[in-house]
Amino acid sequence: MEYARNNATEWKQTGASQKITTRKYHWTRPPKDRLKCNTDRSFMNIGVQYTTTVGWIIKDENGVHKRAAQATGKRVMNPLESELQGILMALEIKWWVMIFDEVRFQWTSRGANKCADKLARSRLLQPVDFVFHNYVPTILSNLLHEDDVNSNFH
């Protein structure tokens with residue numbers, strides 16, 4: 001967790017702009033021959049501690065589901081630590097990292113990130129800390145269709 005705190009501190013010290021110039025309220029497709037990994041986290045107070053649940057989904061330039069996963073993280077102190085832990089968890093899964101030759105971080109609104117948000121907020125069906133979805137989880141079927149329709153019109 002100290003690693004996440006240090007990264008957050010460094011980010012603040014860079015003076016990077018946190019101003020959002022445009023808002024996207026629907027999922028957008030990645031460029032041709034690229035994959036897009038959307039992540040989201042849920043910060044939950046369980047008893048006296050806070051935990052992170054995370055969802056990831058990877059789609060291609062046609063919006064086709066390639067992979068998805070859900071995980072439960074470690075104890076965190078605030079929503080920023082939760083968000084950073086979610087990103088780190090996604091990057092630490094080595095078989096996912098190997099499929100990317102370039103990584104770019106970009107904030108997006110929840111409306112443009114509905115699938116990852118749904119995975120992060122959904123309870124894991126098995127009593128484990130990580131679930132890999134080879135197939136489209138049923139909880140995402142309607143959202144994937146919505147993303148496909150909306151991304152075709154914009």
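Predicted model: local features only at pLDDT ≥ 70, side-chain atom pairs only at ≥ 80, totals over all residues.
A residue is taken as buried when its relative accessible area is under 20% and as exposed when that area is over 50%, with partly exposed in between. By this criterion Asp117, with a relative accessible area of 11%, is buried, because 11% falls under the 20% limit.

Asp117 takes part in a salt bridge with Arg110, in which the closest N and O atoms are 3.1 Å apart. A salt bridge also links Asp117 to Arg121, and here the closest N and O atoms lie 2.8 Å apart. Asp117 and Arg121 are both located in helix α4, where a spacing of 4 residues corresponds to about one turn of the helix. Through these shared partners, Arg110, Asp117 and Arg121 are joined by salt bridges into one network.

In total, 7 salt bridges are present in the structure. One of them pairs Lys114 with Glu146, with the closest N and O atoms 2.4 Å apart. Because Lys114 belongs to helix α4 and Glu146 to helix α5, this pair ties together parts that are 32 residues apart in sequence. Both partners are partly exposed: Lys114 has a relative accessibility of 28%, and Glu146 has a relative accessible area of 28%.

The largest nonpolar core consists of 8 residues, namely Ile57, Ala68, Cys115, Ala116, Leu119, Leu140, Leu143 and Leu144. Two or more residues of this core are supplied by each of α4 (114-121) and α5 (141-152), and α4 makes the greatest contribution, with 3 residues. When residues up to four places away in sequence are not counted, Leu119 touches Gly55, Trp56, Ile57, Ala68, Ala69, Gln70, His133, Pro137, Ile139 and Leu140.

Asp60 is situated in the loop between β2 (49-59) and β3 (65-76). With a relative accessibility of 9%, Asp60 counts as buried, because this value is under 20%. The side chain of Asp60 reaches the backbone nitrogen of Val64 at a distance of 2.9 Å. Apart from neighbours within four places in sequence, the residues in contact with Asp60 are Trp27, Pro30, Arg34, Leu35 and Lys66.

Nonpolar side chains occur at the surface as well. A nonpolar patch is formed there by Leu91, Val103 and Phe105, which together have about 290 Å² of accessible area. Leu91 is part of helix α2 (residues 79-92) and, at 37% relative accessibility, counts as partly exposed.

Conventions. Residues numbered from 1 in each chain as written. Heavy atoms only, no water. Buried < 20%, exposed > 50% of the residue type's maximum accessible area, 1.4 Å probe, protein only. Polar contact = N/O pair within 3.5 Å; in protein donor to acceptor, adjacent residues only side chain to side chain. Contact = heavy atoms within 4.5 Å. Patch = residues over 30% accessible without salt bridge, like charges linked within 9 Å, V, L, I, M, F, W, Y side chains within 5 Å. Areas by Shrake-Rupley, 256 points an atom, 1.4 Å probe, with all protein chains shown as cover. Salt bridge = Lys/Arg side-chain N within 4 Å of Asp/Glu carboxyl O. Core = buried A, V, L, I, M, F, W, Y, C linked by side-chain atoms within 4.5 Å.
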